[in-house]
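Student: I am new to this structure and would be grateful for a close look at one part of it. Please take the details step by step.

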Amino acid sequence: MSFQNNQWVTWWSRAQRGLRLLSQKCPQHHTIYLKEIPKSQKIRLRFAAFYDTQSITIQNVYCYEKGKSKKYPITFKTQQTYQLTSQSSIWSDALDLNYINQSHLVIEYDILSDEGYTCASGFESKDYDVFVASANQIYGLCSLELLGSSLKGCLCAFGDSIVEQGHYTSILQEKALTKGYSFIQLGLSGNRLLRQLEAVDLYGRNYTNITIDKQCFGIAGIERFQREALECHQIKQIMIAIGINDLYQPGTFCAQISELPEIEEMKKGYLLLKNMISDIPALWCGITPFIGNSDWTLPKEKIRLQINEWIEYAFINSINFDDLLLDDQNQYIQENHIGDYLHPSEIGGNKMAKEMSQCLNI
């Protein structure tokens, strides 16, 4: 029996990046121990090779109860082996959970590739992931969805490292769970709204034409939004918190100053996201400050302030964090950042979460 996508609820998902720059090779076998899931009838998995340049094979995918010998195979279009082509994804067939203890589930799978090639698509595991235990680097797997559960839907945060670090989103996740919603964190460190990694200056050498498998900051937000955020199901609200790297990165090792966008380019990018969102309620987050960072400049700050002013004007539901993170002289309060004047600290994240919680549709 098949099910429509609008019957599924996304329980967990993470944004992939190109992990080919990391020294650790992708292992063949993967084992992930899940936290207790809401009582559900069925589960399905999504695998993706968004940053791979070659096809990879997904096989020996099983779900089982920790400590039990019986394993339940997870198939793809009724087959136990599936070849995932470069930069594509696949949903597994539904697995019936009615006969499995759902409090200690384990997912395991193998990734095979041609000799000399290692899978590049993945992410680094975080405490807020629905894993009790896993390898630090997760390859291939990118979503888990439930059918027939008590979940009312999911909330989704789409952004950069400030989302990925979890200092405010994890607090919102806890609140969402108590209200019967899952919280999807699609942050990606270094990600920009408009551009992917185009040039890098390392060890006195300039590297250009960065291939997809080495896109450690991901592709541009306006491109990854469709295949990540809009592939989540039963979204009740989506938070858009991206744009700081479009301003911060130009002039650093990973972007030339010529890549600093015009204000109209940024506006166009946000409006592209708005058009893709359609009828999903959205909360638009202003670009957080980075005053005091060594790569801060007055021209960047002027763009940031103008963009934030425009966001408040252009979108009905928006939020600006400057009053929370800056003092009366518009300086970044020391306790509110982690030491780089760029990423909010746990204290700063708590302030952001408290403010945002008043804007959640739960």
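Which residue in β13 is the bridge partner of glycine 122?

Tutor: The model is a predicted one. In β13, glycine 122 has tyrosine 139 as its bridge partner. The strand to examine beside β13 is β11, which spans residues 121-124. Strands β11 and β13 run antiparallel and are joined by three bridges. A pair of strands is counted when at least two bridges are found between them, so the three bridges between β11 and β13 meet that cut-off.

This pair belongs to an open sheet of three strands, ordered β2-β11-β13, with antiparallel pairing. The edges of the sheet are β2, residues 17-18, and β13, residues 137-139, each of which pairs on one side only. Tyrosine 139 therefore sits in an edge strand, β13.

On the surface, a nonpolar patch is formed by Leu202, Tyr203, Tyr207 and Phe253, which together have about 490 Å² of accessible area. Tyrosine 203 is classed as exposed because its relative accessible area is 83%, and the cut-off for exposed is over 50%.

The structure contains two cavities of 30 Å³ or more. The largest cavity holds about 100 Å³ of space. Its lining consists of 14 residues, and those nearest its centre are Asp160, Ala241, Ile242, Gly286 and Thr288.

Notes:
Residues are numbered from 1 along each chain as its sequence is written. This is a predicted model: local features need pLDDT of at least 70, side-chain atom pairs count only at pLDDT 80 or more; totals for chains, interfaces and linings use all residues. Side-chain values use heavy atoms; hydrogens and water are left out. Patches are made of residues with over 30% relative accessible area and no salt bridge: like charges are joined within 9 Å, nonpolar side chains (Val, Leu, Ile, Met, Phe, Trp, Tyr) within 5 Å. Accessible areas come from the Shrake-Rupley method with a 1.4 Å probe; for residues, only the protein chains shown count as cover. A salt bridge is a side-chain nitrogen of Lys or Arg within 4 Å of a carboxyl oxygen of Asp or Glu. Buried means under 20% relative accessible area, exposed over 50%, partly exposed in between (1.4 Å probe, protein chains only). Helices (H or I, at least four residues) and strands (E, at least two) are DSSP runs, numbered from the N terminus. On a 1 Å grid over the protein atoms alone, a cavity is a set of points where a 1.4 Å probe fits but cannot get out, and a pocket is an open set with protein on both sides within 12 Å along at least five of seven lines; lining residues have an atom within 4 Å of a point. Grid points are joined across faces, edges and corners, and a volume is the space filled by probe spheres set on the points.
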